[in-house]
Amino acid sequence: MSELKQKADFLENLLKERAVEKYAFSLRESEKQELNTEGDTFKLMRTVFGGGAGVTVYQAGRKGSASGNDLSEEGLAALTESALAAAESAPEDPAHDIAPDQGKHAFTQGAVEADFDRFFDRLEEMQTDIAAEYPSVHVMEMVADHTAGRTIYRNSNGTCAESVSGWYDVTVEFSAGDGEKNTGLEYAFQRLDSLDGKLIDLGDFRRKFEAIQRQIDPAPLSGKFEGTAVFTPGCLLDFIGMTLDNYAGGGVILDGTSQWLDKVGEKVADERITIGFDPFDPRIVCGERLTGDGYLSEPVNVIENGVLKAHMLGLYAANKTGRPVLKNDGSDLIMKPGAESLETILAGIEKGLLIGGFSGGHPGANGEFSGVAKNSFLIEHGRVTRAVTETMINGNLGEMLQHVRGISKETDDSGLFSLPYLAVDGIVISGK
Amino acid sequence: MLNDIIKPQTALFEDGFQTVLRGHENRNRRVVLLKGNLTANSRSEARGVSARVGKDGLYGFASAAEYSPEAAARVLKAARSNVLLLDRHAKTRTPMPPALAQETVPLNREIADAEQKRIIEASRALDDYVAKTYPDLLSRSIVYTEDSQDRIVYASDACSGHLTSPRCYIYVMMTMQAEDGTPVELFKALGGAGCFDDHFTDLAQYYPAIENLYQKVKDKTHGIHAEAGYKQVVLGGMMGGMLAHEAVGHTVEADLVMGGSVAGPNLGKRVASDLVTLIDFAHTYNGSPAPLPVFLDDEGVKAEDAVLIKDGILTGYMNNRETAQRFGQKPAGNARAWAFSDEPLIRMRNTCILPGSNTLEELIASVDDGYYLVDSRNGQADLTGEFMFGVACGYEIKHGKLGRALLDTTVSGVAFDMLKTVDMVSDTVEWSSSGFCGKKQMIPVGMGGPCMRCHIMIGGR
């Protein structure tokens, strides 16, 4: 029996001895090996022996949680007492609950064993590829790691799940310059479970390296116009996150401030829009298997063909509002691609902006957003003409989904999400 | 509080390596009341030990989620193995930074732990007060959050010490319905550095601040969209602090300077009007404790103030030991790590633009057509100094008088251009300390500033 299982047995017995009515807990052990470069030099190697435990208890409708990383018997006992103390002082609220018995499961995903020599080789190859193919790109830092871990989850309803997973992450922080002028910072990220291919060919690396090279000499935009914004997949990730959070998240449904409060089953977006979460999609590396409430994760669409299918409610918010729970914690975002190429979409735009990143305040509950368009290009008469700087965009998250001009067939598959380019009309674009 | 069980392991430090051993605990307490419902009620402790070993400009780091002499020995060994492994792949090697004077920095304060029951009671009492006093709110939430660091640092050739950094806040968030039926919101963070009893035994002291928050949200229900464009504005103190941190602070972090930041070629040059002096304070401001005091960093450098801009001239960067050597500057204690498993990075501490001689009233009276931007929601900047701040609270200024409130908007600019337009600075500084700065790791930071009159790009319909 593994040591982690013994600790889980110990903790479960402890909770039973303390006559806890309902409980859920997870124990985790992990190891991360991380390489950090500075420029083209491997500068820091980091090993993190990790681990932790989280316990949630429910006594007479009172919920308390505690977490820590002391997995000794004394540490787990202290954690249990801490959770009980938190519950004791909480108000009674029957909406707090855990998922019904989901059975016993064992999950193994990804690259559990690291091939670190090969990873080193792939990273050195990537450095060489960048230098050869994108000479203006200056890699400020590359952070590359392999993480593997084992998690045990159990609850008092009988659910028992053990998950073993491992993956590689590569994050590149870079700019571009010609000796006199430098661009701003750009980032690219990829999660992978196989080292079979060249890293530079994965995800959005090449597109971002190409784009930053064309950003070296941007010019400010003059004046203001209402035009079409084409969001790159990485930028779209932020906008979809903000939109779902603002209109479909548990907080805004619970407090009643969502503008999609009573819109389930109604059209909230262009019929080409389908957005959901699919932990089993083959493009996702080590997808979610269990939600925080203890449900087995399921593929779900929040918006399907423009129609709002569900709010993103955890069990508490679902019980509190009498609405259905979403059996997914909002990981593994997938947006259905379109039928047109990006080139075709761009060709139909009279005036607009291709937006590589967004630096803006989190929109208020009304969905109004404004911020700086980063790493962006002006689109004029169907062509991407020049890089711009000091350019702001303004719009409304909800309206954006209704004013869709096109969705690309190309996607960025980062291992964490799969998203296309999205072109929307009616965005206010302003320069100095 | 951590007991010092790692000191004996310093005997394992090896000659020829620059070594730092750190015992480290983070605590977190969190209670959330959303419209009266307790939606979060949690406590966490994460404790461990880490070692960083440097040789020839390369570094090995290792950490273990266990605080014991055995774990300390294990991470020292693993960190040494890592730097030796790295040495086999290294393309360049550089001399390690010179040794610093060794001394022991004394413990700055104890961390006092409040029972969760008291935290919930205080949060509940404040929620009851808000619900009863302001029945016309569409929604409200009370968020208690407390985080603390407890660190024991031993460096082979620098300072050592046992330091703590507790802070706790209650965020009061209010949402009202605007005239067009859409919700508008604002929040206020109450509290600061210290523990529960330092701030929350007398909740009534916060009623005026809560009333002020309510009035601002109410103003916002009649809010208008800002007119997009390049405008003359008065930045409030919180916006001044955001400017100090985001627009300038990040560009003068030496690792970003090495990455091509605009500050690189501007050292010693004018980057702001002569009304602007910017300092990253270590632990003391104007004779009193800075909002989040830092006495010793995680490389064993005793913390001092870092003067970044003096009378408009860029005078220095924020450094770790290695970049200080590279740029010929003195390390001032900016290498900070958030958790036991984190390596130290160059981070800000209490970054502040110094006050001037005008009053806020004089600044507002001097603007014919512009905006008074009071409070920020968040901010970002990049290597070029191009920045943006989300503006959560602001007012129009017409003919020297405040007008209607603004709906959420964003301002942007290029730091070293925008700072040259600062032509009036108020005589008081406003600080905030509740935020985290994100840069691979999170880290608590303080930021402060006066009100400033300047020109800036503002977004709007």
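Colleague: How many positive and negative side chains does chain B have, and how far apart do the centres of the two sets lie?

Modeller: Chain B has 48 positive and 57 negative side chains, with the two centres 3 Å apart. Lys and Arg count as positive, Asp and Glu as negative, while His and the chain ends are not counted. Each charge is placed at NZ of Lys, CZ of Arg, CG of Asp or CD of Glu. For chain A, the 41 positive and 68 negative charges have mean positions 3 Å apart.

Colleague: What are the ground rules for the numbering and the values?

Modeller: This is a predicted model, in which local features need pLDDT of at least 70 and side-chain atom pairs count only at pLDDT 80 or more, whereas totals for chains, interfaces and linings use all residues. Residues are numbered from 1 along each chain as its sequence is written, chains are lettered from A and ligands numbered from 1 in the order in which they are written, and side-chain values use heavy atoms, with hydrogens and water left out.

Colleague: How many helices and strands are there in chain A, and what makes that chain as compact as a globular protein of its length?

Modeller: Chain A has 9 helices and 21 strands, counted as DSSP runs (helices H or I, at least four residues; strands E, at least two) and numbered from the N terminus. Along the principal axes, the C-alpha trace of chain A spans about 70 × 55 × 35 Å.

Colleague: What radius of gyration does chain B have against that of a compact globule?

Modeller: A compact globule of 461 residues would have a radius near 23 Å, and chain B has 23 Å, so the two agree. Chain B holds 9 helices and 26 strands, and its C-alpha trace spans about 70 × 55 × 40 Å along the principal axes.

Colleague: Why is B:His199 called buried?

Modeller: Buried means under 20% relative accessible area, exposed over 50%, and partly exposed in between (1.4 Å probe, protein chains only). B:His199 has 15%, so it is buried. The residue sits in helix α3 (residues 196-199) of chain B. Across whole chains, buried residues make up 58% of the 432 in chain A and 63% of the 461 in chain B.

Colleague: Why is B:Asn350 called buried?

Modeller: Its relative accessibility is 0%, so B:Asn350 counts as buried. B:Asn350 lies in strand β16 (residues 350-353) of chain B. A polar atom of its side chain is 3.3 Å from the backbone oxygen of B:Ala282. Among the residues that B:Asn350 touches are B:Phe281, B:Leu292 and B:Trp431. B:Ala290 is 60 residues away from B:Asn350 in sequence, yet 6.7 Å away in space, C-alpha to C-alpha.

Colleague: Is A:Ser341 buried or exposed, and what makes it so?

Modeller: A:Ser341 has a relative accessible area of 16%, so it is buried. The residue lies in the loop between β13 (333-335) and α8 (342-347) of chain A. Its side chain makes a polar contact of 2.8 Å with the side chain of A:Thr344.

Colleague: What makes phi worth a remark at A:Asn305 and B:Lys35?

Modeller: Most residues other than glycine have a negative phi. A:Asn305 has a positive value near 50 degrees, and B:Lys35 has a positive phi of about 50 degrees. A:Asn305 is in the loop between β11 (300-304) and β12 (307-308) of chain A, and B:Lys35 is in the loop between β1 (18-34) and β2 (37-55) of chain B.

Colleague: Why are A:Asn305 and B:Lys35 called partly exposed?

Modeller: A:Asn305 has 39% relative accessibility, so it counts as partly exposed. B:Lys35 has a relative accessible area of 35%, so it is partly exposed as well.

Methods. Contact means heavy atoms within 4.5 Å. A polar contact is a pair of N or O atoms within 3.5 Å; within protein, one must be able to donate a hydrogen and the other to accept it, and residues adjacent in sequence count only if both atoms are side-chain atoms. The radius of gyration is taken over C-alpha atoms; the globule rule is 2.2 Å times the number of residues to the power 0.38. Lists of a residue's contacts leave out its neighbours within four places in sequence.
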